[in-house]
Protein chains: 2
Amino acid sequence: MVGLPARGKTYIAQKVCRYLQWLSVSTKVFNVGNYRRKLHGAHQMHSFFDPHNTEGESARKEAALEALKDMIKWFLEEDGTVAIFDATNSTRERRCMIIDYCKKYDVQVMFIESICQDESLILQNIMDVKLSSPDYKDMDPEKAAEDFRARISHYEEAYETLNEMKNESDYTYAKLINVGSQVMINMIQGYLQSRIVYYLMNLHILPRNIFFSRHGESVYNLEGKIGGDSKLSPRGRKYALALPELIKANLGDQPLTVWTSTLKRTIETAKHLQYPKLQWKALDELDAGVCDGMTYEEIEAKYPEDYFNRDEDKFNYRYRGGESYRDVVYRLEPVIMELERQQNILIIGHQAILRCIYAYFQKLSQDDLPYVKIPLHTVIKLTPKAYTCQEERYKIDIDAVDTHRPKPKRPTDVSN
Amino acid sequence: MVGLPARGKTYIAQKVCRYLQWLSVSTKVFNVGNYRRKLHGAHQMHSFFDPHNTEGESARKEAALEALKDMIKWFLEEDGTVAIFDATNSTRERRCMIIDYCKKYDVQVMFIESICQDESLILQNIMDVKLSSPDYKDMDPEKAAEDFRARISHYEEAYETLNEMKNESDYTYAKLINVGSQVMINMIQGYLQSRIVYYLMNLHILPRNIFFSRHGESVYNLEGKIGGDSKLSPRGRKYALALPELIKANLGDQPLTVWTSTLKRTIETAKHLQYPKLQWKALDELDAGVCDGMTYEEIEAKYPEDYFNRDEDKFNYRYRGGESYRDVVYRLEPVIMELERQQNILIIGHQAILRCIYAYFQKLSQDDLPYVKIPLHTVIKLTPKAYTCQEERYKIDIDAVDTHRPKPKRPTDVSN
């Protein structure tokens, strides 16, 4: 990362990290601020960051080197793929040092610079994030803000933007100006770099809500069968009727787009909603292959080995002739990309699909992802905040079967 | 498009057009040069393009206006989605005129500027493309090149790059510098614009070959069954053994990457190839849903109506619980994107899959796409050129069943 303080570097680092982790790319953020606090204490005032303060300067360099060392160790020993080095890296000298250091270990470097010329955005960032940072713990907010602004001034004094005229023409970089309203990219190469840039292009920080709902209870749900393309049960139809009021009460007159899969039960559930609608094939339920239309008991009886294997590693288990959760994550990638671009969205989807999307926003591991509780007749509302997603759940009071199967205890546990 | 002559504008226009059309986005290129030739004759010498030649200037403006008029007509009357206005548009005045014209009809404008500072690339473009242009038909190539260079000089005199400092800060644009080694984007909005930019980022013009082969003959092929995940037949295994020599004879020691699907028959076919390999779930054969594992005769007997519907509109027909060719195109989009980024690739795939990819490169319509002949035991080699793909086919002399079903005559024809 490159940029002055309060330009959203950590936000971008966290988003890219989550996106890549969700896609099974081993990714880790190395935040130099954390190293600095560990090495030199948490409560450094702005003078520590003055470029003329040689003691502060060398202390900060020490923190950066410590983080770099750990990063290389992670690449070598833990088979890391993408490390995000989250610091200001705001001088050419520092960037040159990083390049030289990484070259020794054959690590490719891509810089992501965040430039923000919108004063109100910077102020908001200071308020939202920086004042709750460990640097300013237990401090009067006004004093903290003042000190932080002084810190920014110190950085501004020494700041050098990435510049292809100044020996940085062969660096790989992306410059984001005002949260992606302008982007400049240089020497991007390879699949991951081009995906990261595309992802950054699509990010925005406008306030919005993402609603998830499964389809109303279906005939197959009632019969305990998985997959298929059945219609709603009478209770499911009641849920579809009740849904518009709940959404309206929550959103008021804000615009919303409703996404469904191409399967009958989600389209029927969206029927009474008076918003623009879009059908996504990519939102269709996990394909259970030969087990499509069977009950879990039937699967256990007919394919006992598969049934056992699925419970052992549910994320990776691929139904015969069907899909795994891993497969579903890959096919949902364009959906996530589009979700990042959009504002208010309601997805009417399926259990496995919503588990994958929910896990992206709530940063769940691949182990936990296939067991997320996404009950029927419940709306989940996510509101993305700086580093987290706020969550609310609204249960509509219409009964439905419970389709959740908890993570089974391992056989060794059972024998205990 | 924006840029001096011989900067690859028409190449980019054609590529974007093909990409969008393949994705079912109604797209058309409006080439102002064609209008100029129609209105003012084909053999205009360089003085016609001198910015001080007021007669030439107004003639060229007339051609641009004529093209704009047709473009708007196409939007309004033929439900066009993306028009590509292929001309130099190299002054701010001209771009402002286009913006004003389009605003009246609620057409959003996105500029794509191609800047090339590499003299050898420009020269190559002049040689490859411009000298075979209708402007220089039947002319001595040396004279033509000289005249064309003079024409470029005229444009250079008046050329103004897109500049956010000069009243163009709210324009949506992407600037490509030296074929995407640097990209600058401004005010990109919406899904299509962001897809187009991502596509442009991934284009390259290095020479390379793309090889396609279906898997060797499979057990299911022999039995006339579709889908499934069967192994190779003895003849199919022979094909897998013969494949490395054919590729080697063609490629020599050049690097190559082999892509297969996740199905046994493609992995087995790639077995003896000594190159890096990658499995793509997205390359799996079209999912025939309930018809998976059946013969065409069985499908006709069990689902006669489906069988008939499929022949009526094969591109859009979706198997019950399975996919259509249209679905497959969408899931292959990341494969196409990655193919554009890569150099030599051999895809070992399936009939429907290779039809979709082949249709992208050879610009086939959706009507023709599902009937492309991709026979077993045959390697197809595509070599992308400026505006076309050169094609060669190599049949390996090992017998295999013929799985091609030609487009049936319509019932009305049959009754004749």
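Me: How many salt bridges are there between chain B and chain A?
Reply: The count is 2. Keep in mind that this is a predicted model.

Me: Which side chains meet in a salt bridge at 3.8 Å, N to O?
Reply: Asp327(A) and Lys281(B) do.

Me: Which elements of chain B give two or more residues to the side that touches chain A?
Reply: Three names to find: β5 (182-186), α8 (191-202) and α14 (325-341) of chain B. The largest share comes from α8(B), with 7 residues.

Me: What classes do the residues on that side of chain B divide into?
Reply: Count 10 nonpolar, 9 polar and 9 charged.

Me: How many residues are in contact across the two chains?
Reply: On chain B it is 28, and on chain A it is 28.

Me: What area do the two chains bury between them?
Reply: About 2,200 Å². Carbon and sulfur atoms carry 49% of it.

Me: New topic. How do the axes of α1 and α14 in chain A cross?
Reply: Helix α1 (residues 9-22) and helix α14 (residues 325-341) cross at roughly 160 degrees, and their axes come within 11 Å. Angles over 145 count as roughly antiparallel, so α1(A) and α14(A) are roughly antiparallel to each other.

Me: Which residues meet there?
Reply: From α1(A), take Lys15(A), Tyr19(A) and Trp22(A). In α14(A) they meet Val329(A), Leu332(A), Glu333(A), Ile336(A), Met337(A) and Glu340(A).

Me: What about classes in that contact?
Reply: The contact of α1(A) with α14(A) has 6 nonpolar and 3 charged residues, and no polar ones.

How values were computed. Residues are numbered from 1 along each chain as its sequence is written. Chains are lettered from A and ligands numbered from 1 in the order in which they are written. This is a predicted model: local features need pLDDT of at least 70, side-chain atom pairs count only at pLDDT 80 or more; totals for chains, interfaces and linings use all residues. Side-chain values use heavy atoms; hydrogens and water are left out. Axes are lines fitted to C-alpha atoms, for helices over the stretch in contact, and angles run from 0 to 180 degrees between N-to-C directions. Helices (H or I, at least four residues) and strands (E, at least two) are DSSP runs, numbered from the N terminus. Angles under 35 degrees count as roughly parallel, over 145 as roughly antiparallel, 65 to 115 as roughly perpendicular and the rest as oblique. Contact means heavy atoms within 4.5 Å. Ala, Val, Leu, Ile, Met, Phe, Trp, Tyr, Cys and Pro count as nonpolar, Asp, Glu, Lys and Arg as charged, and the others, Gly among them, as polar. Buried area is the accessible area (1.4 Å probe) that two parts lose on being put together, summed over both. A salt bridge is a side-chain nitrogen of Lys or Arg within 4 Å of a carboxyl oxygen of Asp or Glu.
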